Structure formats: structure tokens, C-alpha cells
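Please look at the sequence and the structure below before reading on.

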Amino acid sequence: MATDIIFERACKAFQNQYQQKPNVAGCAPGRVNLIGEHTDYNDGFVFPMALQDTTVVVGRLSQNSVCRITTTAERADSPYNIEFQPHSQEQPLKPGKPSWANYVKGVIANYPCFVPPFDAVIASSVPLGGGLSSSASLEVAFFTFLQQLVPTPNPIDDKTKALACQKAEHQFANMPCGIMDQFISVMEARSKFTDEEMYRRARHVVSEIIRCEKAATALENSDYEAFGKLMVQSHESLRDDFEVSCAELDTVVRLAMEVDGVFGSRMTGGGFGGCSVSLVKKEAVDKAITHIKAGYSKATCFTTTAGDGARPIIIADQ
């Protein structure tokens, strides 16, 4: 969904909730990982792409004594409206309920300047829990929003921004994620394993790193058939060696590959559900969607091209 539509939705919700118009805004995209899964935290390569689906945050400084935030995401846990005291050494923010607010609190706590009271609304078209980095999109969008709300004395580079958002997720959401999700948004089990299982896990990581390098070369040469084959090999490795796929993902990938015009398909994200990603010729998109839904009726299909990275949204003076 286009950013301007999400932006308008956020502004309307802000006016309804706070009876005034926002004057600053920021946005950041979700991401889909084309190839290179479970490699970013193993010192390997990844091949993510920013989506057109984005998270938008709008708001303004407040004369109240608290920070107030509203989310329009229906699938978020309730309550959808929260308020809390500004973060300080004397009163540091702590994680709690609702869980969606922890990502926001974590970003505020890791922002390099004091954040005074403000009102804000969050709106997003990035599917929650779909392996498309809705959490990183929220973190980076909120950090971008804070940069417009409370500018820092010195510019913040992309690496520092991504690391701050990753730290927010580690500390406040208790999710020991790698840096890939936050970085691309900024830029554009069992307790014991046998030796065989450990070998297969390691084989996936090593082979996935090699596939990422080959995929970069293929894309540079516009060799989409080679890129697609690498995507399928990646899925097979995630399914058989890393064992993080599931029957539903395997079905969707199989159905996609049955359609002429589909170069490649694979699961994306951490696994055990979520999304698959397919590289498809433009003229074959409708046919692929129809075939996938005919074979798996619960499938929800999104189409996208490469999206832009995080950026402020300029709000014209009213």
C-alpha cells in the first residue's frame, strides 16, 4: 500500500484522537529477504529488499506531562492507546504491556537526546507476524519520527541509527535479532543436537552465504533465471538442513514454481510460518496469484517492487 495512503490514515487518526493536526512525521519500510536466511548473526551475507509497505508515525510535541501514543494496527495487542512519563535516568522506561509499545519505548530509551512529552499515531501496511520485519519497520519509523521531533545536535549516521533500533529490540522486546532487518529498513527446537544435525545447520549457513554472493552477481547481470534457482535452493536448504520451514510454506513455494513466469520462490523470515517471496515476471503476476490461491485457499498475496528506505515526511503548513 502506498505511503501517502498510510500517511493520510495516520493524520486522520491523530486528528480524531488528539483534536489537532500533526506537524512532524517519519516512515520506514518493511523488508523481504530474497536470499540469505539465518546468516546475518553468523557473520554471513544476506540479500534483503525494502518493500513499498511502510510504517508511518505522525505527531507533535505536547504541553502535557506525558507521552501519548496510539496505534491503528488492529492485530496489535490492546490497549491501542498508551501514555507514560518521558524517559530519564530517574524514571527509565521499562518493557511491559502492550507488547507493541515495547518497540517504541526501546527506541525512545536509545535515542541520543532527551525526548519531551509528545503525542503520536502509528499506522502501517506491513503485515504483523508475517516475516516482513514489521517490528524493525516500526522501530526505524519511530526513530526517524524522533529525528524530526527532537533533532540531535550532530547528525546520526545510518549504522548508528540501525544499531540503536536493534538495541531497542534486544532490550525491550527481548528479541536477540541480527542487524539485517533494521539496517535494510534504514537503507532502503530441541535442547540437544546430534552431530549430524549440527552439520546440517552449519551446512545451511555456509551454503546460504555462497548463494548470497552468487545471487548478487546474478542480479548485476540481470540473470533472473539464475537468481530464481538460487532462491529455490535456499528454500530447500532452509527446509531440509535448517528445518525452519513448514507444510504451508512448502505448499505455497511449490504452487508458485508450477507457474510459467515465476523465476524462483522461497520462504522468507525466521521460519515456522510467515511469508514466502517469489520473483515473478510482471505479466505472470495475476496468473501466479490465481494458481496459488486455487491450491492454498488461505494464502494472502502481496505484490511489490523495491521500496525506498526510511525518510522524513514533510507536512505542509496548514
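The text covers confidence, the sheet, the helix packing and a few backbone details.

The model is predicted: local features are given only at pLDDT of at least 70 and side-chain atom pairs only at pLDDT 80 or more, while totals for chains, interfaces and linings use all residues. Residues are numbered from 1 along each chain as its sequence is written, and side-chain values use heavy atoms, with hydrogens and water left out.

**Confidence**

The pLDDT is the predictor's confidence in each residue, from 0 to 100. Its mean over the protein is 89, and 97% of the residues reach 70 or more. Helix H9 (residues 285-295) has the highest confidence, at 97, and helix H5 (residues 180-186) the lowest, at a mean of 76. In residues 189-193 the pLDDT is below 50, and this stretch has four contacts in the model beyond near neighbours in sequence; a contact means heavy atoms within 4.5 Å. Where pLDDT is low, the predicted coordinates should not be read in detail.

**The sheet**

Helices (H or I, at least four residues) and strands (E, at least two) are DSSP runs, numbered from the N terminus. Two strands count as paired if DSSP finds at least two bridges between them. Six strands form an open sheet with mixed pairing, in the order S4-S3-S5-S2-S1-S8. Strands S4 (81-84) and S8 (311-312) are at the edges with a single partner strand each, so one side of each has no neighbour in the sheet.

Strand S1 (residues 24-35) and strand S2 (residues 47-61) run antiparallel and are joined by ten bridges. In this pair, Val 24 is opposite Gly 59 of S2. Helix H7 (residues 224-240) packs on the sheet and touches S1 and S2, with its direction at about 85° to that of S1. Helix H1 (residues 3-18) lies across S1, S2, strand S3 (67-71), S4, strand S5 (118-124) and S8, and runs at about 25° to S2.

**Helix packing**

Two packed helices are described by the angle between their axes and the distance between the axes. Axes are lines fitted to C-alpha atoms, for helices over the stretch in contact, and angles run from 0 to 180 degrees between N-to-C directions.

| Helix pair | Angle | Axis distance |
|---|---|---|
| H7 and H8 | about 160° | 12 Å apart |
| H8 and H9 | roughly 140° | within 9 Å |

H7 is therefore roughly antiparallel to H8, whereas H8 is oblique to H9. Angles under 35 degrees count as roughly parallel, over 145 as roughly antiparallel, 65 to 115 as roughly perpendicular and the rest as oblique.

H7 contributes Val 232, His 235 and Arg 239 to its contact with H8, which supplies Leu 249, Asp 250, Val 253 and Met 257. By class, the residues of this contact are four nonpolar, one polar and two charged. Ala, Val, Leu, Ile, Met, Phe, Trp, Tyr, Cys and Pro count as nonpolar, Asp, Glu, Lys and Arg as charged, and the others, Gly among them, as polar.

Between H8 and H9, the contact involves Val 252, Leu 255 and Ala 256 of H8 with His 291, Ile 292 and Gly 295 of H9. The contact of H8 with H9 has four nonpolar, two polar and no charged residues.

**Backbone details**

The peptide bond from Ser 78 to Pro 79 is cis, with omega near 5°, and Pro 79 is in the loop between S3 and S4. Lys 97 and Pro 98 are also joined by a cis peptide bond, with omega about 0°. Pro 98 lies in the loop between S4 and helix H2 (100-109). Asn 174, although not a glycine, has a positive phi of about 55°; Asn 174 is in the loop between helix H4 (158-172) and H5.
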